[in-house]
Number of protein chains: 2
Amino acid sequence: MTSSGEPAVLSGETAQPAAAGVGAGNGAGGGIAQDLIELDHGTGGGMSRELISELIAPRLGSVHHGRMEDSAVLGIETARIAITTDSFVIDPIFFGGGDIGKLAVCGTVNDLAVSGAVPRFLTLALVLEEGFPIVDLARVLDSVREAAEQAEVSIVAGDTKVVRDGEIDKIFINTAGVGELAPEVELGMARVSEGDAVIVTSYLGNHSIHILSLREGLGFEERIASDCAPLAGLVQAMLDEHPDHVHCIRDITRGGFGTVLNEVADDVGVSIQIAKDRLPIQHETAMAADMLGVDPLYLANEGCLCLFVDGDAAPEILEAVRSHPYGSAAEIVGAVHGRAESPVKMQNGDGTDSVVEVLYGAELPRLC
Amino acid sequence: MTSSGEPAVLSGETAQPAAAGVGAGNGAGGGIAQDLIELDHGTGGGMSRELISELIAPRLGSVHHGRMEDSAVLGIETARIAITTDSFVIDPIFFGGGDIGKLAVCGTVNDLAVSGAVPRFLTLALVLEEGFPIVDLARVLDSVREAAEQAEVSIVAGDTKVVRDGEIDKIFINTAGVGELAPEVELGMARVSEGDAVIVTSYLGNHSIHILSLREGLGFEERIASDCAPLAGLVQAMLDEHPDHVHCIRDITRGGFGTVLNEVADDVGVSIQIAKDRLPIQHETAMAADMLGVDPLYLANEGCLCLFVDGDAAPEILEAVRSHPYGSAAEIVGAVHGRAESPVKMQNGDGTDSVVEVLYGAELPRLC
């Protein structure tokens, strides 16, 4: 709506841990009177203000700077910034390894991180369905706070809309992010070339398999959690140690590894060969994918990167990645070659190759 | 998803005007084959990519920088930035004076403008319902482009999600914005004080009345258009001419003028008196509000500001505002006084005063 000038941390209200006390008058010590979101929480009057000041701002705690619904004024220390946005419409909203709140922070932080930027500021826009339980909103906000703390980003501006029962499914979240880029950082597809090695930083497909299994009640959700994680620390550690040898980083999300490889090969005008037996895929993930009729190459992750790095430096970079908690399963899985008839090929390990196609749409699992 | 390094304008594809030819194979000269949005447009594969490269990017034309779905790397010329976000869930999505696309640009541009920032970059996140007509999407994107051109902002990052039929109402848009702030600009409630004059820059309530009348088919929608407009030019013109005398600017949106006044009086610890007969309200708006049982003081605008300015400089600032196309109906409507029992009072013109209350929720018209 408007600006209050300099951002001010909303003071005095320490975030409470998500506990059973939330809801039913929203726990002891103030909070809001309702148990469910009402349309009037979105009309911009006293109830809107109360929702923000009594629930949203306190739950976000120290990661919240500025006034929600306002434009925040912030200092910036570099002459280059990275900007990104992502909407999160996942179903179910709570899952093993995270929820829509954690996802909304990690997804946008990771989009910034792969550009080489240090994520600094996030906006948080909530669209809530009338009747959404306040206790669930509190839980999502706690996850936003925890993920933002871990990623060291501040939530600087927000917006809350309420739509009629049935107009959305529970809650949608949009986050946009701004990061600071050091002058010397230049990552991008333009730097990918023949001789680069391809590294995958984590197990492929775990986020998709967890969500799909949870929806279908297949039982794999107990064994395979979502890999949802903020990866800016991993990226910055790599860039610190290997400033010149990391050429391009892609976040493996919707579309999966197969789509990333095809996009890069197509845009750069090269071909990429990967080896099937080098791909980090967990046994349960492969089993579940088989049962669901999906290919792990096209499954989404939320905490897995694809790196294009200098071929000679690749073993050293692999070690650096593996020393980070979110990179322990990393593998060198392929290499970049000159332009070829099939942009992306996979060696199957039995002497045969197969083409990793661009999937058009219908064959890809839908997570939202 | 990831960054391609420096932003690159998608080249060569000039935006077409919204014409009957869109849809049905999306008009001549390429485009996408479908007439309706399908779930597969959101899975991150070839169909997603095609939607972006064949429809979204070309329609955005020259205002589109960077790769949609990516984090864009951008140069910034100041050490202070303003950041904001807003989700747009309006029903109906097309209306007189604009549509959800224009609104999504103007709303966020105005949030930046009132902080004193020069709006520079927007993100554009679309959530589309399966079955949404491509021709409508093209029309919305054309409005985004036109509004962004007028506001001189670039769309630098985007995201497109598709949800099942019935999971949202047609289309939701989130925009986040980044603006540059000159070092000397300091606007905010902290600068509001006794003796300030209150200026309203346009007719109150027209956006709400248009939308409510359109929904109910009352006929006023023919005579009262939405005032949706980008106001950064108006704000910068004022700041150029009166750098020290403009103290605080608020965008009169959800909650209306009455809510803005109460928020400022409450936060600053002052009282505000307005004169009913000075309020710029069009006759038809007053009639429609009466018929709908709503008070124009609490109706939303999308192109109207509330200014708190130095009392002595107010007449001169009023002239400056009126000389701008979006400020021609501006009026000095009140003044800031010391703390009083009722934070906001209105002189009714018949010797009586009434209190302008904080409305809690239910009494406020719901636009989304």
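**Entry 1**

How many bridges join β8(A) to strand β11 (residues 305-309) of chain A, and do they run parallel or antiparallel? I looked this up first, keeping in mind that the model is predicted. Four bridges join the two strands, and they run antiparallel. I noted one facing pair here: A:V198 stands opposite A:F308 of β11(A).

Next I checked for β8(A) pairing with strand β12 (residues 331-337) of chain A. Four bridges join these two strands, again in the antiparallel sense. A:I199 has A:I332 of β12(A) as its bridge partner.

Then I turned to the faces of β8(A), which covers residues 197-200. A reminder to myself: in a regular strand the side chains alternate between the two faces of the sheet. On one side of β8(A) I find A:A197 and A:I199, on the other A:V198 and A:V200, and all of them are buried. Both faces of this strand are covered.

**Entry 1: one residue in α4(A)**

I picked A:I209, which sits in helix α4 (residues 206-216) of chain A.

**Entry 2: two helices crossing**

I followed helix α5 (residues 232-241) of chain A to helix α8 (residues 314-322) of chain A. Their axes come within 10 Å and cross at roughly 145°. The crossing of α5(A) past α8(A) is right-handed. From α5(A), the contact uses A:L234, A:A237, A:M238 and A:E241; from α8(A), it uses A:I317, A:A320 and A:V321. Sorted by class, I get six nonpolar residues, one charged and no polar ones.

**Entry 3: a sheet with strands from both chains**

I traced an open sheet of five strands in the order β6(A)-β5(A)-β7(A)-β2(A)-β1(B), and its pairing is mixed. Which strands stand at the edges? They are β6 (154-163) of chain A and β1 of chain B; each has a single partner strand, so one side of each is left without a neighbour in the sheet. From one strand to the next, the twist averages 20°.

Inside this sheet I looked at β2 (residues 80-88) and β7 (residues 171-180) of chain A, which pair in the antiparallel sense over eight bridges. A:I81 has A:E180 in β7(A) as its bridge partner. Helix α2 (residues 100-113) of chain A packs on the sheet, touching β2, β5 (118-129) and β7 of chain A. The direction of this helix makes about 30° with that of β7(A).

**Entry 4: where the chains meet**

I finished with the interface. Here 72 residues of chain B are in contact with 72 residues of chain A. Which element gives the largest share of the side of chain B that touches chain A? It is β2(B), with eight residues. By class, I find 35 nonpolar, 24 polar and 13 charged residues on that side of chain B.

Key
Residues are numbered from 1 along each chain as its sequence is written. Chains are lettered from A and ligands numbered from 1 in the order in which they are written. This is a predicted model: local features need pLDDT of at least 70, side-chain atom pairs count only at pLDDT 80 or more; totals for chains, interfaces and linings use all residues. Two residues are in contact if their C-beta atoms, placed from the backbone, lie within 7 Å. Ala, Val, Leu, Ile, Met, Phe, Trp, Tyr, Cys and Pro count as nonpolar, Asp, Glu, Lys and Arg as charged, and the others, Gly among them, as polar. Axes are lines fitted to C-alpha atoms, for helices over the stretch in contact, and angles run from 0 to 180 degrees between N-to-C directions. A crossing is left-handed if the near helix is turned anticlockwise from the far one by less than a right angle, and right-handed if clockwise. Two strands pair if DSSP finds at least two bridges between them. A residue is buried if 20 or more other C-beta atoms lie within 10 Å of its own, exposed if 12 or fewer, and partly exposed in between; C-beta atoms are placed from the backbone.
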